[in-house]
Amino acid sequence: MSTRLMTQPFPTALRTENTLAEAVRSNFLAWFALLSILIISWAAWYFMSVKHASLVQQRFDYRAEMARVSLVVRIQAYEQILRGGVALFDSSEHVSRAEWRQYIQSLNLDKTLPGIQGVGFSQMIPAKEKSEHEQQIRAEGFPDYTIKPEGGRPIYSSIVFLEPFSGRNLRAFGYDMFSEPTRRFAMETARDSGVTAMSGKVKLVQENGEDQQPGFLMYAPVYAKNTTLDAIEARRENLIGFVYSPFRAKDLMRALLDDTGKDLDFKVYDETAEAGNLLFDSSTVIPGGGKGRYKTTLELDIFQHHWVILYESRPEFEAITRDDLPASLGIGGS
């Protein structure tokens with residue numbers, strides 16, 4: 001009897017234990033399912049986000065490359081103007097000031113190639129011919145003409161033509177660019193190679209303190225006609241001067257921005273990406289950019305000189321490349 005009474009509670013305890021085990025197992029499966037769905041949703045969100053960011057970065061890299069190509073094409077177009085000036089000297093016995101003015105005016109550069117400061121000719125003058133040269137230019141109606149800066153040098157250069165011959169450009173008349181190291185290096189490079197060369201960052205003599213900008217110059221050498229120029233020594237001996245153009249970097253790049261759109265910011269550095277070498281920052285022209293999500297750095301070797309260009313996306317670019325699918329997957333799964 002006592003044995004039967006002791007065994008009666010056992011089935012009830014067993015049922016309770018089984019029920020608890022089933023409940024625990026059921027909750028575990030529910031939590032496992034929830035966790036699995038969350039992990040899958042978050043994984044889908046992450047991988048879709050990474051894939052989208054990679055695709056947009058590729059698109060941005062392409063966009064930046066197109067902007068770089070636009071800059072190259074524009075500068076090459078300016079170089080064609082210089083080559084045309086060289087051809088004018090090659091085809092004429094003597095290029096007069098009036099002929100030079102007519103040539104530049106006929107190009108209508110304000111409309112066809114905005115951003116150029118001017119197109120000029122810098123004549124090379126041996127020291128022994130300096131006085132005679134100054135007297136000749138004064139006789140043309142410029143009684144105050146003199147080569148500047150003053151001082152004795154073995155050889156001089158002088159800007160004798162520069163169109164448009166007005167405004168800021170009047171400050172450059174008679175300036176000896178060969179006396180300044182950065183300009184001289186570019187001029188020597190053009191002279192010795194026989195092709196156009198671009199200078200490093202300089203302060204143009206056209207700057208008058210208002211809206212001051214970094215600048216650079218391009219030089220195309222002009223040699224005496226009917227001479228053999230197959231060696232450096234021959235090119236040095238027969239150099240007459242340079243057809244050249246000065247550029248104010250901000251004016252040049254502003255014109256480029258008008259052509260290429262406003263969906264990216266860029267900074268142009270001379271030689272290396274250092275603060276002191278900054279030629280142009282587009283954020284000074286088009287405000288409202290800030291730190292872009294997408295970035296790339298491109299290098300540009302053109303006319304025997306090197307630039308580094310840092311491109312960064314603007315809100316306009318990020319808006320048109322936005323994709324809500326990754327976020328929808330993450331939120332929907334959650």
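Close-up 1. Helices here are DSSP runs (H or I, at least four residues) and strands are DSSP runs (E, at least two), numbered from the N terminus. The model is predicted: local features need pLDDT of at least 70, side-chain atom pairs count only at pLDDT 80 or more, and totals for chains, interfaces and linings use all residues. Residues are numbered from 1 along each chain as its sequence is written, and side-chain values use heavy atoms, with hydrogens and water left out. Helix α3 covers residues 97-107, and Arg97, Trp100, Tyr103 and Ile104 are buried in it. Seen down the axis of α3, these buried residues fall within an arc of 130°, so they line one face of the helix. The arc is that of the directions from the helix axis to the C-beta atoms. Gln102, Gln105 and Ser106 are exposed on the other side of α3. Buried means under 20% relative accessible area, exposed over 50%, and partly exposed in between (1.4 Å probe, protein chains only).

**Close-up 2. The five-stranded open sheet.** The strand order is β2-β1-β5-β4-β3, with antiparallel pairing. β2 and β3 stand at the edges with a single partner strand each, so one side of each is left without a neighbour in the sheet. Two strands pair if DSSP finds at least two bridges between them. β4 and β5 pair in the antiparallel sense over nine bridges. Tyr223 has Leu239 of β5 as its bridge partner.

**Close-up 3. Helices against the sheet.** α3 lies across β1, β2 and β5 and runs at about 55° to β2. α6 packs on the sheet, touching β1, β2, β3, β4 and β5, and its direction makes about 35° with that of β4. Axes are lines fitted to C-alpha atoms, for helices over the stretch in contact, and angles run from 0 to 180 degrees between N-to-C directions. Contact means heavy atoms within 4.5 Å.

**Close-up 4. Helix α6 and its ends.** At the start of α6, a side-chain oxygen of Glu180 reaches to within 3.1 Å of the backbone nitrogen of Thr182. Just after α6, Gly194 takes a positive phi of about 85°. The buried residues of α6 include Arg183, Met187 and Asp192. Among the elements that the buried residues of α6 pack against is α7 (232-237).

**Close-up 5. Ser122 in strand β1.** Ser122 is found in β1. Ser122 counts as buried, at 0% relative accessibility. Not counting residues up to four places away in sequence, Ser122 touches residues including Ser157, Met187 and Tyr244.

**Close-up 6. Asn169 in the loop between β2 and α6.** Asn169 sits in this loop. Asn169 is buried, with a relative accessible area of 2%. A polar atom of the Asn169 side chain lies 3.2 Å from the backbone oxygen of Gln117. The side chains of Asn169 and Gln206 make a polar contact (3.3 Å). A polar contact is a pair of N or O atoms within 3.5 Å; within protein, one must be able to donate a hydrogen and the other to accept it, and residues adjacent in sequence count only if both atoms are side-chain atoms.

**Close-up 7. The β8-β9 hairpin.** Strands β8 and β9 pair in the antiparallel sense over eight bridges. They form a hairpin with two residues between them, and Phe303 in the turn has a positive phi of about 50°. The covered face of β8 holds Thr296, Leu298, Leu300 and Ile302.
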